[in-house]
Amino acid sequence: MKPVWTPILLCVFLFAGGNRIKGKYSTSESTPVAKNLVIITLDGIRWQDVFKGADSSILNDPDYNDDTAISKLLYWNSDLAERRKLLMPFLWKVMAKKGQMMGNRDLGNNFNISNFYGISYPGYNEMFTGHSDAGIRSNKKHWNRNLNVLEYLSTLSEFNNKVAVFASWDVFPYILNTKRNGLKANCGYDSSNNGLTSDRFTKLQSLALQEEEHTATRDDRLTYAAAKIYLKTASPRVLVIGLGEADEMAHQGKYDQYLMRIKEYDNILSDLWLTIRADPALRDNTTILLTTDHGRGSGSKTWTDHNMLVKGSFQGWMGIMGPGIPALGEVKLDIDNYLEQLAQTIACILGKKFEIGDPAPPLALQ
Ligand SMILES: [Zn+2]
């Protein structure tokens with residue numbers, strides 16, 4: 001059966017002169033449009049681990065692995081292409097074949113974080129507002145003064161009540177300022193911020209609350225389970241799924257646990273893809289965008305941390321696949337892209353232009 005919705009092929013984005021290079025940005029005059037968009041953010045996952053698989057200097061260090069022999073069995077292969085598939089099989093066997101992966105700095109394809117701090121709140125701020133804000137220096141729960149693309153979209157009639165956020169980290173409502181804009185959000189263990197409730201959510205949340213230790217980050221599997229229910233039952237046009245346990249594991253110096261979480265994220269991505277494929281309302285008209293809010297140390301001892309003093313904190317990456325997105329695979333162009341370009345890219349994928357606060361131009365996906 002043909003999909004009910006017929007996609008507009010391209011969102012035309014006009015710059016003065018229509019240049020491909022606008023200042024420091026590589027951009028495009030047009031972006032392939034989809035009806036729906038799912039954005040998955042993986043907090044603090046290094047491009048090195050995504051593009052090169054497990055790092056032998058960390059994998060063989062007993063300080064960072066419970067059992068280095070087991071870690072090697074699970075994640076090591078001397079061939080780079082095979083090694084990264086061990087860690088993220090869906091990403092490399094499907095997403096990188098059907099879509100695009102940006103950020104392999106070994107190929108000169110840089111995906112940069114624009115803010116000065118290399119931590120999460122500033123990262124998510126630029127991702128969703130389209131520009132960095134030098135005044136946002138910490139991860140404290142301050143209501144963000146900057147307007148974001150999600151709330152912009154939700155003011156448009158066709159997206160009204162069709163934008164939702166599920167995030168493990170309990171700071172997301174502040175970053176997106178749900179108090180100001182009423183965006184539907186289900187984040188962390190703080191039920192007061194949940195704009196989303198149903199019997200099944202409540203059961204999931206109570207399951208989460210039975211966990212012994214409550215950190216700022218909810219169990220990612222619960223976050224995804226809730227988001228998946230919502231995707232299947234509420235027909236959102238824009239769904240954000242923010243996952244964050246890998247970052248916590250990295251801060252604790254547990255490389256084996258960090259890798260296990262990344263593998264879990266790959267499973268989630270695979271399950272999301274199958275869920276979309278199985279639903280006639282989503283199949284062939286939904287784009288998936290995958291990215292991170294910051295990098296982390298590139299050294300064998302600095303990988304645990306990220307901040308303005310740690311080299312590597314400003315190195316991100318992204319992946320995308322969906323209707324009309326050219327299957328370029330691993331992008332080998334020697335160019336720089338920026339995390340702050342995602343806000344306008346998000347709008348353009350949905351056939352809109354984000355016109356608040358002079359956001360950075362969209363990424364070139366053609
Ligand atoms: Zn962190």
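**View 1. Helix α11 beside helix α13 in a predicted model.** Axes are lines fitted to C-alpha atoms, and their angles run from 0 to 180 degrees between N-to-C directions. In this predicted model, the axes of α11 (residues 220-234) and α13 (residues 255-278) come within 12 Å. They cross at roughly 10°. Angles under 35 degrees count as roughly parallel, so α11 is roughly parallel to α13. From α11, the contact takes in D220, Y224, K228, L231 and K232. They meet E264, I268 and T275 of α13. By type, the residues of this contact are four charged, three nonpolar and one polar.

**View 2. An open sheet of eight strands.** The strand order is β9-β8-β10-β5-β11-β12-β6-β13, and the pairing is mixed. Which strands stand at the edges? They are β9 (184-187) and β13 (329-330). Each has a single partner strand, so one side of each lacks a neighbour in the sheet.

**View 3. Strands β11 and β12, with helix α5.** Strands of a sheet pair through backbone hydrogen bonds. Here β11 (residues 286-291) and β12 (residues 318-321) pair in the antiparallel sense, over four bridges. L290 stands opposite G319 in β12. Helix α5 (residues 89-98) packs on the sheet and touches β6 (100-102), β12 and β13. The direction of α5 makes about 65° with that of β12.

**View 4. Two residues with positive phi, D284 and D358.** Most residues other than glycine have a negative phi. D284 has a positive phi of about 65°. D284 is found in the loop between α13 and β11. With 15 C-beta neighbours inside 10 Å, D284 counts as partly exposed. D358 has a phi near 50°. D358 lies in the segment after α14 (342-349). D358 has 8 C-beta neighbours inside 10 Å, so it counts as exposed.

Key. Residues are numbered from 1 along each chain as its sequence is written. This is a predicted model: local features need pLDDT of at least 70, side-chain atom pairs count only at pLDDT 80 or more; totals for chains, interfaces and linings use all residues. Helices (H or I, at least four residues) and strands (E, at least two) are DSSP runs, numbered from the N terminus. Angles under 35 degrees count as roughly parallel, over 145 as roughly antiparallel, 65 to 115 as roughly perpendicular and the rest as oblique. Two residues are in contact if their C-beta atoms, placed from the backbone, lie within 7 Å. Ala, Val, Leu, Ile, Met, Phe, Trp, Tyr, Cys and Pro count as nonpolar, Asp, Glu, Lys and Arg as charged, and the others, Gly among them, as polar. Two strands pair if DSSP finds at least two bridges between them. A residue is buried if 20 or more other C-beta atoms lie within 10 Å of its own, exposed if 12 or fewer, and partly exposed in between; C-beta atoms are placed from the backbone.
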